[in-house]
Amino acid sequence: MKRKLLAMIMTVTMTGALLAGCGSSSSTAETPAASEPAAASEAAPASSEAAPAASEEAAASTETAETAPASGETIKVGIINNDPNESGYRTANDKDLKSFFTAENGYEASFAYSLKNDEQITAAQKFIQDGVDYLLLSAADTAGWDTVLQDAQDAGIHVLLFDRTIDADESLYDASVVSDMAKEGETAVAWLENQKLDEYNIIHLQGVMGSAAQQGRTGALDTKVGENDNWKLVTQQTAEWNAEKAQQIVQSVIDSGEKFNVIYAENDDMAKGAVAALDKANISHGVGKDVIVMGFDCNKWALEELLAQNWNYDGQCNPFQATYLDEAIKTIEAGGTVDPKVIIMEEKGFDASEITQEDVDSYGI
Amino acid sequence: MTNLKKIVGKQIFIPIAALLILILFNLCADPSFFKITLGTNSAGNPVLSGYLVTILDYGSELAILAIGMTLVTAASGGQDISVGATLAIAGSAMLKVLCGGATSASVMQAPVIVALLVGCIAAMLAGAFNGALVAYFRIQPMVATLILYTAGRSIAAWINNNELPIISDSAFTVYGGFIPGIPIPTPFFIAALCVLAAWCLLKFTTIGLYTQAVGINENSARLNGINPEFIKFLSFVILGVCVAVAALIKISRLSTINYSVIAKDIEMDAILAVALGGNALGGGKFNLWASILGAYVIQFLTTTLYKFNVQSDALPAYKAVVVIALVVFSAPTVRAKLTELSKKKSRSVQLAGKEAA
Amino acid sequence: MNEEILLEMKDIHKRFPGVYALNSVDFSLRKGEVHALMGENGAGKSTLIKVLTGVYTKDEGEIRMSGNSEALDIRSPQDAQKYGISTVYQEITLCPNLSVAENIYIGRGSGAVQNWKEMNEGADKILKSLDIPARATQQLGSCSLAVQQMVAIARAVDQECKVLILDEPTSSLDEEEVEKLFGLMRDLKSRGVGIIFVTHFLDQVYEICDRITVLRDGKLVGAYDIANLPRVQLVSKMLGKDMDDLSDIKGSAETYKAESNMPPVYEAEGLQSNAGIKPFNFHVNKGEITGFTGLLGSGRSECVRAIFGADRVIGGKVKKNGKEVTIKNSYQAMKNGIAYLPEDRKRDGIIGDLSIRDNIILALQVMRGFFKPMSKAEAQKFADDYIKLLDIKTPNADKPIGELSGGNQQKCILARWLLMNPEYLILDEPTRGIDIGTKTDIQKLALKLASEGMSITFISSEIEEMLRTCSRMIVMRDRRVVGELSGNELTQNTIMSTIAGGSEK
């Protein structure tokens, strides 16, 4: 009897854990927003100049779509994404796709969400059976997609990848829309160089070591510091995307009495933790103040800090991929091919002295 | 000699010895570690700063959690590993109240005390859930609390619809920062209040005696009219209260919450604090004050490591060394050897003394 | 009956520090017999068995077995196994989460590879041959306790066992299950296996056994054919009182005269707990000392545990001073002025790591309530008072109780309950395992308390102690009350014959 009861409870526990596993993707995602898109390290030369700035285009095309549906016939798309609860980045990404692929814009979209590869593959097979025209895919895992994508190709379905790349032959998909983390870092470092400080004494707060976002964003800074004598790293520490750890690391530097004038945090959370430590020690920060604060991901609250001139810079990690996908679909519909296949998205860096409320509203995630 | 032995035999000697080792190490490596400066903050109020102040500051949440964890350990003979997740739940509930349900607020929408109460209720419910599983369903504490350990952070996210609420009211930063005019960090005062409350609890109720009785011999306790299930249950609920208070400090520090990383792995530090306090992790006799001191010693270690620029993802490795040292020194075989050694030594000292005489 | 001697143990000695556990004990087992090994606590039964199975090594003596010309050299359970001596213990020592077949064969495979099919077939064959109602592939935990016990026996039998030792195999079985087990034992007997049967149940001994060996205080009392040893004789031999030359040693306990107009301090009707005792009636009057007697395992402790609410009470009515009360747990019992000094001091009495002071005040503290902790000074005073009063030998009250000697521990527990000033005090084996001086102290104390008006129940395995203190005795056998003796009936003779029961007198 007792054993049975225990077994029952264990079952409940396991189920609970499973449920948690599904729901708590947010807890495994080390940070909302950051590090999400797998870096397209083999990124092709930026074709992004050709692509118009994402959101403006989005707004524009929405309007045009309302007046004149593309070709009178709706395009059927099946969209397979990760769970929108996974992170703030993913939520914004999903919202963007949902608001773009609508009947008004000439699309009939079905969505499937999962953080598990096998479930995503099942969803893909279902979409193929349903006879969609396009399969849009943000794969949970890079491997295992060959067969199902071959099936899609045989059925004459076009495959577009967004946000994450996969380990499959390039011929199996038509285009891939990704972020370039290294470029994000370069943009940020270029901005910092433009500040023309006499000396750069930098506290570098890194993300979880080895993640694509960390590698991309660290790389640019490391290179710069290596090249210039007046760029110094006061400390370079991983705070694992964690605000609390960032706060303690910065606190430790403050306690040591070492001088610093830049905080380069690889995501907004860590920047916030750093700022909390600065506030406590009465060290001024922001535009025209003692310490320059830099973050990434463009969380809405972070951009508001920029607007209030408390922070100086925030680098974007673009979740607004719908217009890029639309562009590619249009090209294919017109009988063309997407070339090069890898589309690197335009990603902005915001400067506190230039940011507007409009930017906050349209880019904040 | 006997005096020394008496001191060494006392439980609180363990955290004190660890503290002394750390102090000595820092003295040798860099005495500036102990420098404390009085400055002023942006509001023009005096504040103290320095590594020691940081230790008092950041060690406080851990000290508060150590109180609850000590009771849970003593009563149930096991540990609660869901502390971090429960803290996320309590913090999430507090922020929901403080922001009035919105995602951000520039002014607190409810008094802090109301938020604290709501957080307490949330954390106590979580504690009650754990406690019921442990006490009434007789599931091992580690296994029982594994449920919330895995699910808790999702629940925390669900409370705020997966939004990350932010409160930018400077009045709220007081709990994780400084009270205007007082140069010592507030968390230290909150911890002191909690310690006082714990002292009162031990002084004005019989919980200390009951908890130890249950932890040492449940059968005897039951035959003396104590309800062991209830005592275990109670210890988890008390831990819930501690978690809620710690959550207030944590969310006040950053004025926001990140469900996936807030108080990450803090349960391990809390358990380590209990162990470092010389308490048996198998339950029974406990010394609350030693656990609290243990918590500050752990923060001392953390701060020291940060000072020497040890990579923060390597910190657990150093803590592991502490755990190994503790386990080795508390092992019966090692203890027996040590007593033998000290006996020999005292004998030889006596002999030497005689010869000298 | 087969007269061939299968196993012979001669002049076995075994000493432990301070205890002479076996003093020149002889034992012989014939082929195809069930041989009961009887004796009260500390008689040396389990030591003898452990010597035979290699858990202990004997100090002196020799063990011979038919078929071996040499004396056996048993130094480990593996050695015993090798000679064909197998044991089945009271607690099932198999793995409930494995299958029946796995349990039969576990730890015997010659190699790492196991042929499952072969194993299951083999197991089924054994089960069938012994008529055990289980399948080889069934999970052991899903079988009834009796079947599990039988599987354990099957495992032993399959290892070509010649001597099978059953150590209290029936204590957790119901009557029907016991019958099944006996069926199996008879079957084995007919195959020539010699069975050593250890039990506390007299009825079972007389039902299944052929011979009895009685031990007492580590010495052999004798070996008897069952037909020549009436129950009363057996009991008197176990207790060490020779029936024939017993003179009544009625002690100082006066015949108690109840004040007729007073209701009993405590009265139970049809009281029953989940510990397996049959419902019983009981009452105790003001200033009266009653006793529960019977052999070990007869249910005397279970009765008082039911009174105190220590086991789960599942039936019966309880009255306190004539008023009906509910006593479902120890706290309710204490609130009704009942105190209970448990039989197993280590398990149920002391709180080992706590100080003497905390141990003494514990019950009173619980009575006072959660929000009324005693000041340290008050606790210290209580502790000091009772350390003096009961002459507890300790340097101070701070010493952990676990570091005291058994007698002093017992005095502390006694102090704990006296401090509560109960109306009714239950002393379950208060004198076990403690020195003679303390034993007398405790008996004297019980008499004194009773004369001051406290009602007391006294349980002891030593009949003289009971006779000296009790004015009325409840006699138990096989978990039921079989008699109540008072006044002139309180003699060793009547007690023993009541314990023995059966037809003989």
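Hi everyone, let me start with chain C: 48% of its 505 residues are buried, where buried asks for 20 or more other C-beta atoms, placed from the backbone, within 10 Å of a residue's own. Before going on, a word on the source: this is a predicted model, in which local features need pLDDT of at least 70 and side-chain atom pairs count only at pLDDT 80 or more, while totals for chains, interfaces and linings use all residues. Residues are numbered from 1 along each chain as its sequence is written, and chains are lettered from A in the order in which they are written.

Back to chain C. It has 17 helices and 19 strands; these are DSSP runs, H or I of at least four residues for helices and E of at least two for strands, numbered from the N terminus. Its C-alpha trace spans about 70 × 55 × 45 Å along the principal axes. Of the contacts in chain C with a separation of 6 or more, 69% join residues 24 or more positions apart. Contact means C-beta atoms, placed from the backbone, within 7 Å.

Now, how do chains A and B meet? On chain A, 42 residues are in contact with 39 residues of chain B. Helix α9(A) gives the largest share of chain A's side, 10 residues. By class, that side has 15 nonpolar, 19 polar and eight charged residues. Here Ala, Val, Leu, Ile, Met, Phe, Trp, Tyr, Cys and Pro count as nonpolar, Asp, Glu, Lys and Arg as charged, and the others, Gly among them, as polar.

Within chain B, helix α4 (residues 83-98) packs against helix α11 (residues 266-276) at about 120°, with axes 7 Å apart. B:V83, B:G84 and B:L87 of α4(B) meet B:I266, B:E267 and B:A270 of α11(B).

Finally, the cores. Which residues touch the most other members of the largest nonpolar core? They are A:A274 and C:V151, in a core of 319 residues; such a core is a set of buried Ala, Val, Leu, Ile, Met, Phe, Trp, Tyr and Cys residues joined through C-beta atoms within 7 Å. Helix α10 (residues 228-254) of chain B supplies the largest share, 18 residues.

Methods
Axes are lines fitted to C-alpha atoms, for helices over the stretch in contact, and angles run from 0 to 180 degrees between N-to-C directions. Two residues are in contact if their C-beta atoms, placed from the backbone, lie within 7 Å. A residue is buried if 20 or more other C-beta atoms lie within 10 Å of its own, exposed if 12 or fewer, and partly exposed in between; C-beta atoms are placed from the backbone.
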